[in-house]
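Hi,

Here is the structure I said I would pass on. Have a look at it first, and then read on for what turned up.

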Amino acid sequence: MSGGTVTSVVIAGLGGQGIVTASDILAEAAFRAGHEVKKSEIHGMSQRGGSVSSDVRFGGRVHSPMVPLGAADYLIISESTQVAPNRHRLAPHGRLITPAAVPQLFNEEDPRRAAQAAKMVNVALLAVLSAHLELPEGCWLAAIRATLPERLHAMNERVFRQARGLETIFASLTGGGRGGRAQ
Amino acid sequence: MATQLLTGNEAVAQAALDGAVSLGTGYPGTPSTEILERFDALGGRAQWAPNEKVALEVGLGVAFANARALVTMKHVGLNVAADPLFSATHTGVAQGLVIAVADDPGMHSSQNEQDTRHYAEAAGAPLLEPGDAQQAYDYTLQALELSARYQLPVILRMTTRVCHSKSPVRPREARMEAPAPRYERDIPGRVMIPAYARPAHERLRERLEALAGDQAPAALLREEGTSTALGIVASGVAAAHAREAAPEARLLEVGMSYPAPMGPIRAFAEQVERCVVLEEGDPYLYRAVRAAGIEVEGKPEPFRCGELTADRVRRILERDGRPEPAPEAAGEPPRLCADCSHRRVFQVLSRLECIVSGDIGCYTLGVMPPFEAMDTCVCMGASVSVGLGLRHALPAEQARRVVSVIGDSTFVHTGINGLVEMAYNPPNTGHVLLILDNDTTAMTGLQEHPGTGRRLDHRPAERKLRYEALALAMGITNVHTVDPAESAEELERLVRDCLASEELAVIVARHPCSLASRRLAAFQGEGESSGS
């Protein structure tokens with residue numbers, strides 16, 4: 001791989017789960033932090049509930065917009081059934097981030113609040129990712145505001161801050177954080 | 001304007017705005033659809049045409065009138081628009097006419113992976129191939145300029161990875177000035193009777209020759225590196241894969257692949273021991289370069305199929321002949337939404353054991369289990385006419401089971417012609433056409449069309465095409481409307497009765513797409529809150 005400092009992230013899930021929006025936020029955050037960024041995905045048929053994955057690469061000089069097989073530094077999966085079909089995208093040293101990393105979001109007993117939380121799972125997963133990347137928090141929050149409609153800003157910013165804070169604490173205590181390792 | 005993170009499609013739209021394009025038109029098709037939607041959102045004048053042929057003809061009229069036009073479509077759309085394309089290169093244009101055509105190597109959402117560059121050569125239309133969003137922006141503007149200078153329509157060949165990949169785009173400082181529209185009569189130039197078409201063909205060849213020898217498109221060539229061992233001639237996104245797979249190689253990025261600049265390619269190839277041509281799709285550029293007598297290697301035949309990646313480019317360069325790794329897991333296939341009214345229709349057709357001549361749209365998913373209620377799907381509009389052919393040839397007991405199924409947008413696109421044929425040459429057993437009207441072009445992301453009664457920006461159109469009235473106007477009297485979500489029993493009874501009648505029948509199964517209803521409600525809510 002050329003450049004050396006390129007970070008490759010794959011975000012995967014099912015159509016309708018906001019995968020493309022999540023990758024837009026990540027790409028925008030990296031762009032606002034001054035990195036060269038390329039983002040690539042396939043949509044179309046995905047609207048009908050099919051598998052969707054989006055590749056985001058940023059760093060010094062990014063060439064191909066696609067993350068080569070087995071070369072993702074981070075694999076973010078929004079739904080547990082999609083781990084198996086995408087695991088091969090992850091590099092041996094790579095980090096897998098699934099909803100298991102944000103259990104606090106799923107402890108809501110009130111069904112209405114639980115449904116709201118489910119919609120914010122992607123932002124929470126990005127927050128977990130953010131604790132492992134060198135992108136300033138301000139860039140993340142600006143990217144969330146630039147990508148999501150205004151009525152969702154406050155809620156998502158709160159979830160982002162909370163999940164990022166918790167992951168940072170876990171990472172410092174365990175040296176790893178709750179995002180699992182590839183192997 | 002500041003640098004922005006844009007998809008290739010968004011970059012084309014931005015360039016159309018900065019290039020003072022006076023009209024954008026096209027037909028939705030993944031991965032091209034967002035170009036016109038973005039152009040509209042930026043304040044450009046954009047509209048959906050019933051099909052690509054109409055769109056290109058409208059665009060050609062605009063360009064005859066000394067104004068700039070952008071016409072968009074997916075690769076298979078150019079098959080529909082091929083007729084005007086082959087004449088447009090002979091008539092030429094007064095102002096910039098750019099046809100953005102999105103190829104889909106790997107068939108992420110298409111029925112084939114045809115390579116648009118063959119059309120460029122066959123019709124004599126110059127073709128530019130951007131490889132990322134910045135080039136999509138730059139090449140759109142250059143295409144507008146070249147089109148005006150050489151008075152030829154110019155094709156912008158996009159591919160899925162360019163359309164849907166985001167990267168930073170720095171727009172030009174100053175927008176192009178809009179030309180003043182005017183009509184200049186030029187009968188021998190614009191009326192293609194044989195006497196005028198013969199000199200027009202010679203004029204076309206002269207223009208292409210001048211373009212091939214022009215120094216101006218030098219901006220469309222980029223050379224990097226100093227290696228004398230390995231040289232790579234690449235077009236489109238293949239250049240990015242080459243940079244990643246072989247950073248040590250000398251690279252010549254060819255932005256205009258028809259007519260390809262053979263002088264610079266020859267000079268480049270002579271400087272390296274080994275020269276490889278890398279391109280998405282068919283070995284088009286490779287063959288053109290070889291035909292010019294330049295010694296280069298192409299990609300082995302298996303790499304014609306599917307998309308290139310940095311991994312695949314590495315294999316090509318290493319002459320790795322081992323079988324490629326199979327995809328690890330298929331993932332989840334698309335399927336009809338849980339509350340989709342098409343489900344009811346396919347349950348009925350499955351139960352009645354119909355032979356279903358299908359078409360292109362969400363409802364093509366009726367072929368998937370548990371329905372498996374589709375027997376053919378060929379191209380846009382083919383359901384009606386293929387169904388008629390089946391009826392003409394099959395033994396009567398089988399012919400009586402044939403039903404043509406088409407969506408509303410596809411019916412408007414090219415199904416209407418089939419209905420005319422049905423009225424004109426009816427099979428002995430009659431025929432049943434089922435129009436699944438969900439009030440949107442759903443599969444490509446909920447676009448409007450003449451039958452929704454709304455324009456591209458979702459605001460009301462002046463008229464709404466009524467399919468029942470159209471069928472009646474053609475002399476078909478057996479015309480019915482039913483809501484499949486409300487009463488699947490009524491639909492089943494209608495289909496059974498119409499099949500038994502052995503007459504021509506049109507059944508409109510009308511129920512709005514639930515995705516579209518939600519989006520429309522959101523859009524109308526926004527319109528109200530912004531006071532418009």
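Before the annotation, a word on how to read it: UniProt positions are given in the numbering used here, feature names are shortened, and annotations may be inferred rather than shown by experiment. Also keep in mind that this is a predicted model.

With that said, an unreviewed UniProt entry annotates residues 359-508 of chain B as "domain: Thiamine pyrophosphate enzyme TPP-binding".

Now chain B as a whole. The count comes to 21 helices and 18 strands. Its radius of gyration is 25 Å, close to the 24 Å that the globule rule gives for 532 residues, so chain B is as compact as a globular protein of that length.

Next, the contact between the chains. Chain B puts in 32 residues and chain A puts in 30. On the chain B side, the elements giving two or more residues are helix 8 (160-163), strand 8 (165-169), helix 11 (238-245) and helix 14 (310-317). By class, that side of chain B has 13 nonpolar, eleven polar and eight charged residues.

In chain B, helix 1 (residues 8-18) and helix 7 (residues 133-150) have axes that come within 8 Å and cross at roughly 30 degrees. From helix 1 of chain B, the residues involved include B:Gly8, B:Ala11, B:Val12 and B:Ala15; across from them in helix 7 of chain B are B:Ala133, B:Ala136, B:Tyr137, B:Thr140 and B:Leu141. The contact of these two helices has eight nonpolar, three polar and one charged residues.

In chain A, helix 1 (residues 19-32) packs with helix 5 (residues 137-147) at an angle of about 135 degrees, the axes being 8 Å apart. That makes helix 1 of chain A oblique to helix 5 of chain A. Their crossing is right-handed. Among the residues in contact are A:Ile25, A:Glu28 and A:Arg32 of helix 1 of chain A, and A:Trp140, A:Ile144 and A:Thr147 of helix 5 of chain A. Here the classes come out as eight nonpolar, two polar and three charged residues.

Last, some backbone details to check before you set anything up. Most residues other than glycine have a negative phi, and most peptide bonds are trans. So where does chain B have a cis peptide bond? One joins B:Tyr258 and B:Pro259, with omega about -10 degrees; B:Pro259 is in the loop between strand 12 (256-258) and helix 12 (262-270) of chain B. Another cis bond runs from B:Pro369 to B:Pro370, with omega near 5 degrees, and B:Pro370 is in the loop between strand 14 (355-357) and helix 16 (382-393) of chain B. As for phi, B:Met107 has a positive value of about 50 degrees although it is not a glycine. B:Met107 lies in the loop between strand 5 (97-103) and helix 6 (117-123) of chain B.

Cheers

Terms used. Residues numbered from 1 in each chain as written. Chains lettered and ligands numbered in written order. Predicted model: local features only at pLDDT ≥ 70, side-chain atom pairs only at ≥ 80, totals over all residues. Axes fitted to C-alpha atoms, helices over the stretch in contact; angles between N-to-C directions. Helix = DSSP H or I, 4+ residues; strand = E, 2+ residues; numbered from the N terminus. Contact = placed C-beta atoms within 7 Å. Nonpolar A, V, L, I, M, F, W, Y, C, P; charged D, E, K, R; others polar. Rg over C-alpha atoms; globule rule 2.2 N^0.38 Å. Parallel < 35°, antiparallel > 145°, perpendicular 65-115°, else oblique. Left-handed = near helix turned anticlockwise from the far one by under 90°.
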